[in-house]
Amino acid sequence: MSSFESADHPSSQTLNPTPSDNTSSLPVSLPPKLRQLNNPRGHIGVGRIVTTQRDINGDPDNASTESDPVSPHLSLIDYQQTSSLVEEHQAQNVDGRMEVETDVGKGGGEQINESAATATSRSTAELSDADIIDTIISSLLSLTALPPGSQCPLPVSHIHTLLNLSSRVLSNSPSLVRLEPGLKICGDIHGQYTDLLRLLEYGSHPPDERYLFLGDYVDRGKQGVETICLLLAYKVKYGDTITLLRGNHEASGINRIYGFYDELKRRYSVSLWKKFNSVFALLPVAALVGGRVLCMHGGISESMLTNGLEGIEAIERPCEVGDVGLLCDLLWSDPSRLPGFTFNERGVSHCFGPDVLALFLERFDLDLVVRAHQVVEDGYEFFAGRRLVTVFSAPSYCGEFDNAGGMMSVGEDMVCSFQILKPSSREERFGR
């Protein structure tokens, strides 16, 4: 990923919260068709969209202090009791040899001793699907009490149950999800599980808050399993409270190369990686918030200038991501200062200019495009007269960037604001 510059991107001085109310209004360059509102909160309005910015750490002076620690949830000990039957069977193995492999994640775990698998099935059978989902969530949230980077030994049988349930839920979702305002929007996470927990702790975990995630949950970071399992478990448990869109890394051809395949092969098996990708193929590809704000991972496609949103609604899932076409553009395209549709240096899809973006929004009566897909220094960045905003939610991306992570809130009154997750040090992210 590469960051892009925007003439509409506010300066760092403008973005800093003021000591008085910990927020600051952002300069507004009004699109011609939109009117300015006088909001009683003192925010500056763009049509029905008003933008403010708040620092997640809540420090009025924007100092480098860290946010309050995330409150611990259930201990891993509580979770490990669910695998007690497997552990007891293992301890009683003949000849006293500990050669029985349980279905808790192990490197190259394609072959599991039949007796251990039977014991695991017996222990899992004693739990309902709802119990398994609750157990997964409790286990994953318990990592907040452990050093950053700690992995969660989810049993493979529980992950299979999660993926089966996720497939049923996602298969009932349309390709274009229509959402009511009053939610938070997050961009790329890329396996940075500790940062995901920080975002959820600040914004409140589901079902106390509604979320829209724009894709790219896996690859790059080292905890793609924890990241995608928690989000899928929330989706299964709370339904429309959380919406997960597909990113360009939710495709086997990409996550085979950039880390998720290796993570699954090391911790579980190649077959489980394939099953994850079968679920990814069912993810919706775009969302429309309040009938005015169009959200996707990448950007617009040339065909959308004539077909509008109908082409998105017509996408049949499950589906693979091709090298060209509408689905490819929704997941891969980028904004550019050059007019029209131009070559994309990624070698995939195209770039779209401010002129065609404005034409698309005007033609189909939309106010804003919200997308992810690119690293931006402050966690969010405007483009084309504030007609588009990029949200990127993985701070200190890959340990190679000094970027903040952003989260966008869309109020029930279509008031939009941004919360910023400051970059953290390597020690804070990985515990070393």
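Modeller: Start with a strand pair: S10 and S12 (residues 350-352) run parallel, joined over 2 bridges. Strands are DSSP runs of E, at least two residues long, and helices are runs of H or I, at least four, all numbered from the N terminus. Two strands pair if DSSP finds at least two bridges between them.
Colleague: Which residue of S12 is the bridge partner of Pro335?
Modeller: Phe352.
Colleague: What is the strand order in the open sheet?
Modeller: S10-S12-S11, 3 strands with mixed pairing. S10 (334-335) and S11 (341-343) are at the edges with a single partner strand each, so one side of each has no neighbour in the sheet.
Colleague: New topic. Where is Ser333?
Modeller: In the loop between helix H14 (326-332) and S10.
Colleague: Buried or exposed?
Modeller: Ser333 is buried, because its relative accessibility is 0%. Buried means under 20% relative accessible area, exposed over 50%, partly exposed in between (1.4 Å probe, protein chains only).
Colleague: What does Ser333 touch?
Modeller: Beyond neighbours within four places in sequence, its contacts (heavy atoms within 4.5 Å) include Ile300, Cys328, Phe352 and Arg371. A polar atom of the Ser333 side chain also lies 3.1 Å from the backbone nitrogen of Gly299.
Colleague: What is the average pLDDT?
Modeller: This is a predicted model; local features need pLDDT of at least 70, and side-chain atom pairs count only at 80 or more, while totals for chains, interfaces and linings use all residues. Residues are numbered from 1 along each chain, and side-chain values use heavy atoms, without hydrogens or water. The average pLDDT (the predictor's confidence in each residue, from 0 to 100) is 79, and 69% of residues score at least 70. Over residues 1-49 pLDDT is below 50.

Note on methods
Polar contact = N/O pair within 3.5 Å; in protein donor to acceptor, adjacent residues only side chain to side chain.
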